[in-house]
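The sequence and the coordinates come before the text.

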Amino acid sequence: MRQTIHKLFWVWNFDKEEKWLNEMAAKGLSLVSVGFCKYEFEDSMPGEYKVCLQLLDKMPHHPESQKYIEFLEATGAEHIGNFTRWAYFRKKSKDGEFELFSDNASRIKYLSGVISFIALITVANCIVGINNVFLAINLSSLVNYLGFINLAIGIWGTFGCIKLLRKRKRMKQEGQLFE
Amino acid sequence: MSNTALTEAVYYILLSLMQPMHGYGIMQNVEQLSNGRVKLAAGTLYGAINTLLEKGWIISLPGEKDSRKKEYQITDQGKQTLETEIIRLRELIENGSRILEVKK
């Protein structure tokens, strides 16, 4: 049986999202498709699957991403679906542990990619937001007050970036001691 | 460059590729070589393979178009790197054992 759950995760909380998806899998609900704030599950044996998600370097249909997805599939992972550049995978628990990165250096490199992705959206929203808010004030046009939404996204995104930058700093400190 | 340490992942990937192997084979081989201690994750392995190809320490063997079955092998340059690394590791162990007086 399938069931859909709507849930919002801020993009920088991808760890929490993954944890939640694995808690669902542990309860016997395995992810089968993803959309905007939308997760579809099907019944499985409790703990049958482990779930991982990853921000790809390119859009999922780009040949480079396809090559990567094929590589993961060859290691026993199953590609569930994508939402924008985020790809979701699952693997049977009996086939061993499922993590996409196993050392500090590759985790830091990946996290840096995620930070750039969020920073780009944040900066774009800030620029559009500031621009439109000024226009709104000068022209007192209601439409341009939408700029406040961009600005809000920009501020919220900045908060997210700071959170991830702190996380990266902690990982780098750790990396000075351990691999 | 010659006195820089290799990561554990790169070290074991290069060792595995003394014989031709595909991605999943490398993961299994590394786990076996290290008695289950080192479990390479697929994303880390994929990144490492691409970097090693760029460096010319490994090559991808022609023949297989299907990237799932693509095999890789170490180059002379890769072997040279491994040898340099083994000398470095030996120095670490010898100094450590001598100073801590760890019995063999």
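The paragraphs below go from the chains to the aromatic pairs, the surface and the cysteines.

**Chains**

The model is a predicted one. Chain A has 179 residues, of which 40% count as buried. Its secondary structure comes to 4 helices and 6 strands, and from the N terminus on these elements follow the order β-α-β-β-β-α-β-β-α-α. Along the principal axes, the C-alpha trace of chain A spans about 65 × 45 × 30 Å. Chain B has 104 residues, and 37% of them count as buried. In chain B there are 4 helices and 3 strands, arranged along the sequence as α-β-α-α-β-β-α.

**Aromatic pairs**

Over all chains, the structure holds 17 aromatic pairs. One of them joins W12(A) and F159(A): the ring centres are 6.2 Å apart and the planes stand at 80 degrees, so this pair is edge-to-face. W12(A) is in the loop between β1 and α1 of chain A, whereas F159(A) belongs to helix α4 (residues 147–177) of chain A; the pair therefore ties together parts that are 147 residues apart in sequence. W12(A) is buried, because its relative accessibility is 7%. F159(A), with a relative accessible area of 42%, is partly exposed.

Another pair is made by W20(A) and F41(A), with ring centres 5.7 Å apart and planes at 80 degrees, so that it too is edge-to-face. This pair links distant parts of the chain, since W20(A) is in helix α1 of chain A and F41(A) is in strand β3 (residues 38–43) of chain A, 21 residues apart. W20(A) is buried at 12% relative accessibility, and F41(A) is buried with a relative accessible area of 0%.

Ring pairs also link F14(A), W86(A), F101(A), Y110(A) and F117(A) into a cluster.

**Charges over rings**

W20(A) has a further contact on its ring: K7(A) lies over the face of W20(A). In another such arrangement, the charged end of R90(A) sits over the ring of Y49(A). The table gives the distances.

| Charged residue | Ring | Distance from ring centre |
|---|---|---|
| K7(A) | W20(A) | 5.3 Å |
| R90(A) | Y49(A) | 3.8 Å |

**Surface patch**

F159(A), already met as the partner of W12(A), is also part of a nonpolar patch on the surface, together with L8(A), W10(A) and W156(A). The accessible area of these residues together is about 400 Å². W10(A) is placed in the loop between β1 (2–6) and α1 (14–27) of chain A. With 38% relative accessibility, W10(A) counts as partly exposed. The loop between β1 and α1 of chain A also holds W12(A), which is buried at 7% relative accessibility.

**Cysteines**

How many disulfides are there over all chains? The count comes to 0. A disulfide is a covalent bond between the sulfur atoms of two cysteines. For C161(A), the closest cysteine sulfur is that of C126(A), at 9.5 Å, and this is too far for a bond, given that the cut-off for a disulfide is 2.5 Å between the sulfur atoms. C161(A) counts as buried, because its relative accessibility is 10%. C52(A) is also buried, at 3% relative accessibility.

Conventions
Residues numbered from 1 in each chain as written. Chains lettered and ligands numbered in written order. Predicted model: local features only at pLDDT ≥ 70, side-chain atom pairs only at ≥ 80, totals over all residues. Heavy atoms only, no water. Patch = residues over 30% accessible without salt bridge, like charges linked within 9 Å, V, L, I, M, F, W, Y side chains within 5 Å. Areas by Shrake-Rupley, 256 points an atom, 1.4 Å probe, with all protein chains shown as cover. Salt bridge = Lys/Arg side-chain N within 4 Å of Asp/Glu carboxyl O. Helix = DSSP H or I, 4+ residues; strand = E, 2+ residues; numbered from the N terminus. Buried < 20%, exposed > 50% of the residue type's maximum accessible area, 1.4 Å probe, protein only. Phe/Tyr/Trp six-rings, centres within 6.5 Å; stacked < 30°, edge-to-face > 60°. Lys NZ or Arg CZ within 6 Å of the ring centre and 35° of its normal.
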